[in-house]
Amino acid sequence: MIAIGVPAESAEEPRIGLSPETAKKLVKLGAKVRVRSGAGLRSHFSDEEYKVAGADIVVSDADAVKDADIVLTVRRPSPALVKSMKQGAMLIAMLDPYSDAEGLQALAKSGAALFAMELMPRISRAQSMDVLSSQANLAGYKAVVDAAAAFERALPMMMTAAGTVPAARVFVMGVGVAGLQAIATARRLGAIVTATDVRPAVKEQVASLGAKFIAVEDEEFKQAETAAGYAKEMSDEYKKKQAALVADHVKNQDIVITTALIPGRPAPKLISKAMIESMRPGSIIVDLAVERGGNAELAKAGEVVEHNGVRIMGKLNLPGAVPVNASSLYARNLLAFVEPMVDKKTGALAVNWDDELVKGTLIAKDGAIVNAMIAERSGAAVEAKSDADGNAKSAKPKGSAP
Ligand code: NAD
């Protein structure tokens, strides 16, 4: 029988990696599930519901993890907690593998097998385990709802006896998972929606949601999508053309939702200060890329910046602002990943270490970082740190997000 442990998250993280629904399924698989008392409360999952699902409630994080073969969390737990895990046990979480390389090294040294769910290969078999999609979708929704709540006008057109209220104009920049949901949500609220991206594949998806696609559609645009389906960093020439197009468009928008990201690089700067100054007072920008440096020039992580009457919202962890759904979907992503690791007949742990999904997400095992890209980055950080001791150089890893 395997044991699965779920400690509480930090004060800043309302989500949890286990729902009563997934607890029940894990218990049915033959697992012993231990949850720290109160860990699900911010997602409105009570201890009682976990008990009914067959889980045990324990009084401390240490009790939840000490005998566990698998520990499920949302964020990186403290190194102390990881050290208290059973030798060789597995930690499955959103480990934010591109940041705080030294912290990651410390976790790796504990000997735990660390899995970063963000690195799940985006292949059809892994769709049900895709935490980036399940969380980005909710972030896109919440960005629009937050913007609508802060916007001091209505979004839909209303024809009343006292006159017509015009529909608000919403512009979505970056049409990945979050952007698509932002478009759909803004359309449902009755706004006139336009959207832009550098990947041509997006054009049809935007139209199918009832929005208008605008972009610089030159030769470079036709090649902008990588084999993995992501955007490339665009040339300076393309950026100039894009900025001119965006500048002309943004000045007539009421709400701008920015979601543009390039894997492993800082977020592209798409909205300049001058563009913000061209917008009408009362307009809203929600910058979903703020954790990676932001798409809007004045955006600040965790803050609402007001400039000339335009508010630039840089709220962090938007999926955490819809924790019930975010936790339920994230817990299902984890369940889908864990299920094949349990032998159906014996209930014993049976990890196929050669499986593409296991190899893709495993970043550390037996005390060492095993993912080449992360090892290179953390190696760079360790070197920079030793330089910093003598030569006051930055300890930031090469290519890391700001
Ligand atoms: P992302 O979060 O990496 O980026 C968000 C969007 O920003 C992307 O659409 C990107 O093209 C866009 N962008 C980047 N630079 C830009 C710029 N300079 N100007 C304008 N837009 C810019 O993207 P994501 O949401 O993770 O989705 C990336 C891809 O992965 C998409 O093709 C998506 O359909 C695909 N995907 C596949 C699966 C799967 O097969 N399992 C699951 C989810 C997503």
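Helix axes are lines fitted to C-alpha atoms over the stretch in contact, and angles between N-to-C directions run from 0 to 180 degrees. The model discussed here is predicted.

**Helix pair α6 and α12**

- Helix α6 spans residues 131–150 and helix α12 spans residues 323–338; their axes come within 9 Å and cross at roughly 170°.
- Angles over 145 degrees count as roughly antiparallel, and α6 and α12 are therefore roughly antiparallel to each other.
- On the α6 side, the contact is made by Val-131, Ser-134, Gln-135 and Leu-138, while α12 contributes Asn-325, Ala-326, Leu-329, Tyr-330 and Asn-333.
- Five nonpolar and four polar residues form this contact between α6 and α12, with no charged residues.

**Ligand surroundings**

- The ligand has 22 residues around it, of which Arg-122, Ser-133, Val-177, Asp-197 and Arg-199 come nearest.
- By class, the shell around the ligand comprises eleven nonpolar, seven polar and four charged residues.

**Polar contacts and burial of the ligand**

- An oxygen atom of the ligand lies 2.5 Å from a polar side-chain atom of Arg-122.
- A polar backbone atom of Gly-229 is 3.0 Å from an oxygen atom of the ligand.
- The side chain of Gln-242 places an N or O atom 2.9 Å from a nitrogen atom of the ligand.
- The protein buries 84% of the 840 Å² that the ligand exposes when taken alone.

Key: Residues are numbered from 1 along each chain as its sequence is written. This is a predicted model: local features need pLDDT of at least 70, side-chain atom pairs count only at pLDDT 80 or more; totals for chains, interfaces and linings use all residues. Side-chain values use heavy atoms; hydrogens and water are left out. Helices (H or I, at least four residues) and strands (E, at least two) are DSSP runs, numbered from the N terminus. Angles under 35 degrees count as roughly parallel, over 145 as roughly antiparallel, 65 to 115 as roughly perpendicular and the rest as oblique. Contact means heavy atoms within 4.5 Å. Ala, Val, Leu, Ile, Met, Phe, Trp, Tyr, Cys and Pro count as nonpolar, Asp, Glu, Lys and Arg as charged, and the others, Gly among them, as polar. A residue is near a molecule or strand if one of its heavy atoms lies within 4 Å of it. A polar contact is a pair of N or O atoms within 3.5 Å; within protein, one must be able to donate a hydrogen and the other to accept it, and residues adjacent in sequence count only if both atoms are side-chain atoms. Accessible areas come from the Shrake-Rupley method with a 1.4 Å probe; for residues, only the protein chains shown count as cover.
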